[in-house]
Amino acid sequence: MQAELKWLDDPETFRVNQLPAHSDHHYYATVTDADQGTNQLEQSLDGTWQFAFAPNPQERPQGFYRPDFDRHNFDTIQVPGHIELAGYGQIQYINTAYPWEGSHYRRPAYTLGDRTGKPGMFSEAPDNTVGAYAKHFTLNPGLQGQRVIVQFDGVEEALYLWLNGHFVGYAEDSFTRSEFDLTPYLQPGDNLITVEVFKRCTASFLEDQDMFRFSGIFRSVRLLAQPKLHVNDLTIRANVQDDLKTGDLNVTAQLAADTFDGAQVHLTLRDAQGARLLERTSSADDTVSFTHLTVPTVHLWQHHDPYLYQLTLELLDAQGNVIEVVPYVVGFRRLELKDKVMLLNGKRLILNGVNRHEWDARTGRNVSLADMHRDLSIFKQAHINAVRTCHYSDQDVWYDLCDQAGIYMMAENNLESHGTWQKLGAVEPSYNVPGSLPEWRAVVLDRARSNYQTFKNHPAILFWSLGNESYAGDNIAAMNQFYKDHDDTRLTHYEGVCRNRDYTDRISDMESMMYDPPKAIRDYLQHDPQKPFINCEYMHDMGNSLGGMQSYMDLLDEFPMYQGGFIWDYIDQALLVKDEVTGRDVLRYGGDFDDRPADYEFSGDGLLFADRTPKPALQEVSHYYGNYDD
């Protein structure tokens with residue numbers, strides 16, 4: 001199979017040879033490795049790569065992926081990282097419009113009566129920058145002789161992959177992990193992996209988030225070896241019975257094996273102190289399920305007491321040798337919608353939330369573990385108990401940390417198509433995508449599937465969010481139905497249905513609004529509403545704002561169906577750069593990089609400055625949220 005540049009123009013081509021999405025579980029070769037967190041089955045490809053930049057597809061180094069290609073004039077770049085922050089291309093911040101507005105006329109394929117599919121829109125675009133990456137590696141001993149997978153945690157925006165000159169696959173969806181099987185093309189000794197990253201493709205219409213527009217391999221890359229007996233996917237349902245005292249554990253593993261003859265799966269559940277509570281063993285097969293395992297007097301997971309049990313699966317061959325070990329933390333909690341009020345463990349849920357872009361003032365959306373720990377420390381100090389992953393999937397470790405810290409999560413798909421339905425503030429959806437267009441359905445369902453499959457086992461996730469500000473139509477309704485078909489332990493959220501009320505009964509378990517004044521919320525709650533109300537975005541902390549928060553908090557005491565919300569937003573998007581005159585590091589915002597079009601200082605609306613220095617507004621948040629932090 002050969003790579004095709006025309007895939008950039010086709011909304012129906014968004015993954016080629018990409019492995020199916022699955023749970024984010026880690027696996028190890030031995031119990032000792034699992035206990036110590038050292039993994040001989042994993043090899044990082046982070047670090048220095050060879051790199052060449054091209055301003056458009058026509059000027060890219062074609063054929064660079066061949067082993068005999070002369071790359072002596074390539075530069076180097078650090079992975080993970082953004083191409084623009086490495087000094088190439090244009091740094092640009094824009095909010096609701098598309099970054100090419102005013103320079104290039106583009107409308108999504110199959111809108112406004114188009115049946116051509118708009119060939120060449122991105123594959124021949126003069127503004128579609130390209131990054132060519134190359135890296136040599138030799139497999140570590142622990143990976144040799146096994147099936148080897150490569151994982152890309154995040155690549156903006158379209159990725160073509162080759163190994164040793166052979167085309168491997170193609171992927172879009174910038175904020176979702178992409179995996180490919182390298183095994184057929186691996187060779188002993190030196191191997192050459194090459195990646196071509198295009199900044200724009202049809203996914204650009206779906207990734208119109210309020211943020212700096214970057215490109216490149218901005219999250220980690222790794223190789224993983226899969227043992228001869230392997231857990232491909234793991235689904236955990238840690239339910240709680242009506243008495244709120246008895247746990248009901250259900251575990252299903254999808255396995256892959258050279259042979260299942262005589263192989264077994266051994267399950268163990270331990271409490272937080274390591275005491276063994278459950279043990280079960282089953283013969284290995286394609287699908288292995290352990291259903292309705294009772295955990296009496298279960299310790300419930302919640303914000304102030306995020307109690308986690310330890311589940312371990314051991315895969316054993318016919319001789320009883322351990323082939324693979326899969327640990328996963330388990331939190332028992334019960335979320336339900338009862339009498340039109342959201343309850344967690346039988347108590348009314350109140351969300352003291354924030355929207356959180358992944359951001360670091362020096363590295364952009366390539367955030368560090370230290371950044372995440374700092375954020376959770378600030379959450380605790382400010383009585384923040386909930387986070388919305390606006391407007392995409394975050395790094396996997398953030399979900400683990402929220403499990404451990406008891407932070408309630410609204411896990412949002414990578415979807416925002418703001419510029420296709422709102423123009424200069426007016427609602428005008430004539431070329432909205434995904435809308436109800438059949439050509440745009442599969443791609444957004446794939447994004448819902450990836451979000452669900454990857455993060456389905458995290459107790460911190462209470463809500464699946466279908467995306468942000470993309471209007472409403474049959475395709476978003478289909479996303480809502482996907483979650484309903486696969487998960488009855490969580491609720492769905494989507495604010496954009498307020499723009500098209502024909503879908504009110506098909507989309508979202510809650511009424512969700514942005515920046516509604518308290519008077520409007522009160523009016524909704526006083527007229528026999530059918531859904532509880534949350535503010536998915538409110539307060540908008542830009543400049544000297546966040547005043548009047550008390551009027552929102554008063555609603556919590558007045559209406560049980562008002563259940564809080566998520567402040568926009570947690571942290572400014574700004575970059576630390578050296579001032580040309582003073583030589584000092586300064587924060588610069590949209591428009592400060594000669595970027596046009598831009599939305600300028602609109603990138604600065606966080607409770608923190610971009611270097612994580614708290615603003616005065618955080619004191620107000622801490623005061624009011626502290627009154628409802630129980």
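Glu-537 forms a salt bridge with Arg-388, and their closest N and O atoms are 3.1 Å apart. A salt bridge here is a side-chain nitrogen of Lys or Arg within 4 Å of a carboxyl oxygen of Asp or Glu. Glu-537 lies in strand β36 (residues 533-538) and Arg-388 in strand β29 (residues 386-388), so the bridge ties together parts that are 149 residues apart in sequence. Helices (H or I, at least four residues) and strands (E, at least two) are DSSP runs, numbered from the N terminus.

Glu-537 is buried, with a relative accessible area of 4%. Arg-388 is buried too, at 0%. Buried means under 20% relative accessible area, exposed means over 50%, and partly exposed is in between (1.4 Å probe, protein chains only).

## About the model

This is a predicted model, in which local features need pLDDT of at least 70, side-chain atom pairs count only at pLDDT 80 or more, and totals for chains, interfaces and linings use all residues. Residues are numbered from 1 along each chain as its sequence is written, and side-chain values use heavy atoms, with hydrogens and water left out.

Side chains of opposite charge can pair when their charged atoms come close. How many salt bridges does the rule give? The count comes to 41. Some share partners: Glu-42, Asp-153, Arg-177, Arg-222 and Asp-396 are joined into one network.

Arg-356 and Asp-375 meet in another salt bridge, at 3.0 Å from N to O. Arg-356 sits in the loop between β28 (351-355) and α2 (369-381), while Asp-375 is in helix α2. The two are 19 residues apart. Arg-356 is buried, with a relative accessible area of 0%. Asp-375 also counts as buried, at 0%.

## Arg-447 and its surroundings

The side chains of Arg-447 and Asp-173 meet in a salt bridge as well, at 4.0 Å from N to O. This pair links distant parts of the chain, 274 residues apart. Arg-447 belongs to helix α4 (residues 441-455). Asp-173 is in the loop between β10 (166-171) and β11 (178-181). Are these residues buried or exposed? Both Arg-447 and Asp-173 are buried.

Arg-447 also touches Ala-203. Contact means heavy atoms within 4.5 Å. Ala-203 touches Glu-157 and Glu-172 too, not counting residues up to four places away in sequence. Ala-203 is found in the loop between β12 (190-198) and β13 (211-212). Ala-203 is buried, with a relative accessible area of 1%. From Ala-203 to Val-31, the C-alpha distance is 41 Å, and the two are 172 residues apart in sequence.

## A proline in a loop

Where is Pro-227? Pro-227 is in the loop between β15 (221-226) and β16 (229-240). Pro-227 is buried, with a relative accessible area of 9%. Leaving aside neighbours within four places in sequence, Pro-227 is in contact with Tyr-27, Leu-41, Gln-146, Ile-323 and Glu-324.

## Two helices side by side

Helix α7 (residues 549-558) and helix α8 (residues 617-626) pack at an angle of about 15°, with their axes 10 Å apart. That makes α7 roughly parallel to α8. Angles under 35 degrees count as roughly parallel, over 145 as roughly antiparallel, 65 to 115 as roughly perpendicular and the rest as oblique. Axes are lines fitted to C-alpha atoms, for helices over the stretch in contact, and angles run from 0 to 180 degrees between N-to-C directions.

## Backbone exceptions

Most residues other than glycine have a negative phi, and most peptide bonds are trans. A cis peptide bond joins Glu-156 and Glu-157, with omega about 5°. The bond from Cys-390 to His-391 is cis, with omega near -15°.

Tyr-471 has a positive phi, near 65°. Tyr-471 counts as buried, at 14% relative accessibility. Asp-594 has a positive phi as well, near 55°. Asp-594 is exposed, with a relative accessible area of 65%.
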